Amino acid sequence: MPLTKEVTAPVFNLTDIFGRQINLEEYADKKVFIGFFRHAGCPFCNLRVHALAKMRDELIENGMEMIYFFESGKDILLRSSFHREVNPIPIISDPDKKWYGAYGLEESGKGSAVGHLKYFVQSAINAKAKGLPVHPMKDGESIKTMPAEFLLGPGLVVKDFHYSGELKDRLDFDAIREFSTASPSVKA
């Protein structure tokens, strides 16, 4: 079931692909961006991660942290120099999609197909031009996985979110920046 605004986000305590323990409760006094992406070779997701990583310093300056989830296995992600270079942003491998489910992500063959038909060629060309990985799915990754993004405020309260209807459909960068600079409000 999709999350709604003003609910407490599901709390996880997981090891990221770099071997660090990522306990969401340790972020309770911060603003947090959590991105759920598709597979390690998805040009849509890799373009998004690339753009978000460029914003990292600005967001950190504003007191905001970032955590990424991928459906790809840890070994697949670590074989990619691009994903290794995303460090220090935590990347959590969730091939069983336990946390995708906990955060209410749903699969959509239609949303994926429409996104691929409309944007795949241009997205793949753009990703390749930036040196980002583009490759077919591996080891149980799903063509139907749809991305989602969440902005958590202090107390791990969901302040904004976006469940993608198509593969390029994400939170607006300006909304993320605005959230990062807004005065924090703690859940009463």
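Phenylalanine 150 has phenylalanine 161, in E7, as its bridge partner. This is a predicted model, where local features need pLDDT of at least 70, side-chain atom pairs count only at pLDDT 80 or more, and totals for chains, interfaces and linings use all residues. Residues are numbered from 1 along each chain as its sequence is written, and side-chain values use heavy atoms, without hydrogens and water. Helices (H or I, at least four residues) and strands (E, at least two) are DSSP runs numbered from the N terminus.

**Sheet**
- Five strands form an open sheet in the order E5-E4-E3-E6-E7, with mixed pairing; two strands pair if DSSP finds at least two bridges between them.
- Strand E5 (91-93) and strand E7 (157-163) each have a single partner strand, so one side of each lacks a neighbour in the sheet.
- Strand E6 (residues 148-153) pairs with E7 in the antiparallel sense, over six bridges.

**Helix on sheet**
- Helix H1 (residues 43-61) lies across strand E3 (31-36), strand E4 (64-70) and E6; contact means heavy atoms within 4.5 Å.
- H1 runs at about 160° to E4; axes are lines fitted to C-alpha atoms, for helices over the stretch in contact, and angles run from 0 to 180 degrees between N-to-C directions.

**Helix on helix**
- H1 and helix H6 (residues 173-181) pack at about 25°, with axes 12 Å apart.
- That angle makes H1 roughly parallel to H6 (angles under 35 degrees count as roughly parallel).
- Arg48, Ala51, Leu52, Met55, Glu58 and Leu59 in H1 meet Phe173, Ile176, Arg177 and Ser180 in H6.

Terms used
Angles under 35 degrees count as roughly parallel, over 145 as roughly antiparallel, 65 to 115 as roughly perpendicular and the rest as oblique.
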